[in-house]
Amino acid sequence: MKVKPFKEVHQSNFPPSRGRRQPLYVYQSSEYLVQVFIESENLTRITVNSVKRRGNNWKDGITFDELQAIKSAVGYGAKCAVEVYPEDSELINDANMRHLWVLNERPDFAWTRHKNARAD
């Protein structure tokens, strides 16, 4: 799947951070806003939301294929990324945003296209 081209947003036009960390990069297309945060030396977060609104919130429904294409389009196609689904008690769901956590190394549990030769 292809996504429409992204343009890098100048820092003076970054979305308000509301007291939180500023993103390192922000990219925008006609469909998505993508913010890239360096969380630690070994972890980068890509936050994605639609630029279209549904009521007072961002339009929901970003697919796996779209997220994969967005990850590649903003320069992380060669890296493995994961989404986190927290415990019910830690759930924060106040905006239709998706968060991909880009890992420096592929985790053992990540699926591959090649069969792993394992003796079970």
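## Exercises on a predicted model

The buried residues of helix H1 pack against strand S3 (32–40), strand S4, strand S7 (81–82) and strand S8 (98–103). Contact here means heavy atoms within 4.5 Å. Helices (H or I, at least four residues) and strands (E, at least two) are DSSP runs, numbered from the N terminus.

This is a predicted model, where local features need pLDDT of at least 70, side-chain atom pairs count only at pLDDT 80 or more, and totals for chains, interfaces and linings use all residues. Residues are numbered from 1 along each chain as its sequence is written, and side-chain values use heavy atoms, with hydrogens and water left out.

**Exercise 1. Find the buried residues of helix H1, then see what follows the helix.**

Step 1. Set the cut-offs: buried means under 20% relative accessible area, exposed over 50%, and partly exposed in between (1.4 Å probe, protein chains only).

Step 2. Go through residues 64–73, which make up H1. Glu66, Leu67, Ala69, Ile70 and Lys71 are the buried ones.

Step 3. Recall some helix geometry. An α-helix has 3.6 residues a turn, so residues three or four places apart point the same way.

Step 4. Gly75 follows H1 and has a positive phi, near 100°. Gly75 sits in the loop between H1 and S7. Gly75 is exposed, because its relative accessible area is 61%.

Step 5. Take one distance. The C-alpha atoms of Gly75 and Ile92 are separated by 27 Å, and the two residues are 17 residues apart along the chain.

**Exercise 2. List the salt bridges and place their partners.**

Step 1. Apply the rule: a side-chain nitrogen of Lys or Arg lies within 4 Å of a carboxyl oxygen of Asp or Glu. Side chains of opposite charge can pair when their charged atoms come close.

Step 2. Start with Arg21 and Glu39, whose side chains meet at 2.5 Å, N to O. Arg21 lies in the loop between strand S1 (7–8) and strand S2 (25–28) and Glu39 in strand S3, so this pair ties together parts 18 residues apart in sequence. Arg21 is partly exposed at 44% relative accessibility. Glu39 is partly exposed too, at 25%.

Step 3. Arg45 counts as buried, because its relative accessibility is 16%.

Step 4. Finish with Arg98 and Glu83, which meet at 2.8 Å, N to O. Arg98 lies in strand S8 and Glu83 in the loop between S7 and S8, so the pair joins parts 15 residues apart in sequence. Glu83 is partly exposed at 28%.

**Exercise 3. Which residues form the nonpolar patch on the surface?**

Step 1. Areas come from the Shrake-Rupley method with a 1.4 Å probe; for residues, only the protein chains shown count as cover.

Step 2. Read off the members. Leu24, Tyr25 and Ile38 form the patch, with about 260 Å² of accessible area together.

Step 3. Leu24 is in the loop between S1 and S2. Leu24 is partly exposed at 47%.

Key. Patch = residues over 30% accessible without salt bridge, like charges linked within 9 Å, V, L, I, M, F, W, Y side chains within 5 Å.
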